[in-house]
Amino acid sequence: MGSMSDDETSTTGVITGADGLTRPTWAELSDLLREYYDTEWGMPVRDEQGVFERLSLEAFQSGLSWATVLAKRPAFRHAFAGFDPDAVAEFGDDDVDRLIGDAGIIRNRAKILATIDNARATVALREQGTDLAELVWSYQPDETPAPVTAAEVPSTSDESVALSKELKRRGFRWVGPTTMFALMEAIGIIDTHLIGSHRRGTSGVWTN
């Protein structure tokens, strides 16, 4: 898969792909993951609908692999009206039954119900004078982690704990500190690309 030896990978945390670019091992597991890593993961998402989609998918990912969720993302988007918060907030019992019967998505009733509740909480935020993206981005830390290896990447932070508490206070569910840390990574609030990766510092949010 890569041109680095096992010893080099353990030291640098990255492997070199066939295209000559360095990535963490997980990003070389499939073409889908490589494309996601190279073009999306860690790039800034600052719009309400985009943040709601990623918050929803991170919740569905809980306990599963991200590759599973990513492969099902087109079906998720179709099933959840493109993750338009206003549309999802209007989902009723018939929609829940439809989603439970949709083999294209992850059919977890608790997560489906949480997504609908979170859409309603997103709309409520807007009515209170803010929006989900603005709130989530307000928890950007002063510094970002600088991991060399995957083992050095944190799974939570003071900011993700605080964001989790605030979202729960605002009526959101399935937004624990670990899930919120993953969200912050995914939408560029923090940069946990490994130091040796070709993507480190490319988001425009962080320069180190």
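Alanine 81 counts as partly exposed, because its relative accessibility is 35%. Here buried means under 20% relative accessible area, exposed means over 50%, and partly exposed lies in between (1.4 Å probe, protein chains only).

This is a predicted model, where local features need pLDDT of at least 70, side-chain atom pairs count only at pLDDT 80 or more, and totals for chains, interfaces and linings use all residues. Residues are numbered from 1 along each chain as its sequence is written, and side-chain values use heavy atoms, with hydrogens and water left out.

Alanine 81 sits in the loop between H4 and helix H5 (85-89). Helices are DSSP runs (H or I, at least four residues), numbered from the N terminus. Phenylalanine 83 lies in the loop between H4 and H5 too. Most residues other than glycine have a negative phi. Alanine 81 is not a glycine, yet its phi is positive, about 55°. Phenylalanine 83 also has a positive phi, about 60°, without being a glycine. Phenylalanine 83 counts as buried because its relative accessibility is 0%.

**The nonpolar core**

A nonpolar core is a set of buried Ala, Val, Leu, Ile, Met, Phe, Trp, Tyr and Cys residues joined through side-chain atoms within 4.5 Å. The largest one has 49 residues. Phe76, Phe80, Leu132, Val136, Leu167 and Ile187 have the most contacts inside it. Helix H7 (residues 109-127) gives the largest share of this core, 6 residues.

Which residues does phenylalanine 80 touch, not counting those up to four places away in sequence? They are Phe60, Val88, Phe91, Leu99, Ile105, Ile112 and Thr115. Contact means heavy atoms within 4.5 Å.

Serine 164 belongs to helix H9 (residues 158-169). Is serine 164 buried or exposed? It is buried, because its relative accessible area is 2%. A polar atom of its side chain lies 2.6 Å from the backbone oxygen of valine 175. Leaving aside neighbours within four places in sequence, serine 164 is in contact with Val175, Gly176, Pro177 and Met180.

Aspartate 94 is in helix H6 (residues 93-100). It counts as exposed because its relative accessibility is 65%. Its C-alpha atom is separated by 38 Å from that of glutamine 140, 46 residues apart along the chain.

**Cavity and pocket**

Both are found on a 1 Å grid over the protein atoms alone. A cavity is a set of points where a 1.4 Å probe fits but cannot get out. A pocket is an open set with protein on both sides within 12 Å along at least five of seven lines. Lining residues have an atom within 4 Å of a point. Grid points are joined across faces, edges and corners, and a volume is the space filled by probe spheres set on the points.

The count comes to 1 cavity of 30 Å³ or more.

| Space | Volume | Helix giving most to the lining |
|---|---|---|
| Largest cavity | about 50 Å³ | H3, 4 residues |
| Largest pocket | about 490 Å³ | H10, 5 residues |

The largest cavity is lined by Tyr36, Glu40, Glu53, Arg54, Leu57, Glu58, Trp66, Arg73 and Ala186. Helix H3 (48-61) and helix H4 (66-79) each give two or more residues to this lining.

The largest pocket has 21 lining residues. Trp26, Trp41, Trp66, Ala182 and Glu185 are the closest to its centre. Helix H2 (31-39), H3 and helix H10 (177-186) each supply at least two residues of its lining.

Methods
Polar contact = N/O pair within 3.5 Å; in protein donor to acceptor, adjacent residues only side chain to side chain.
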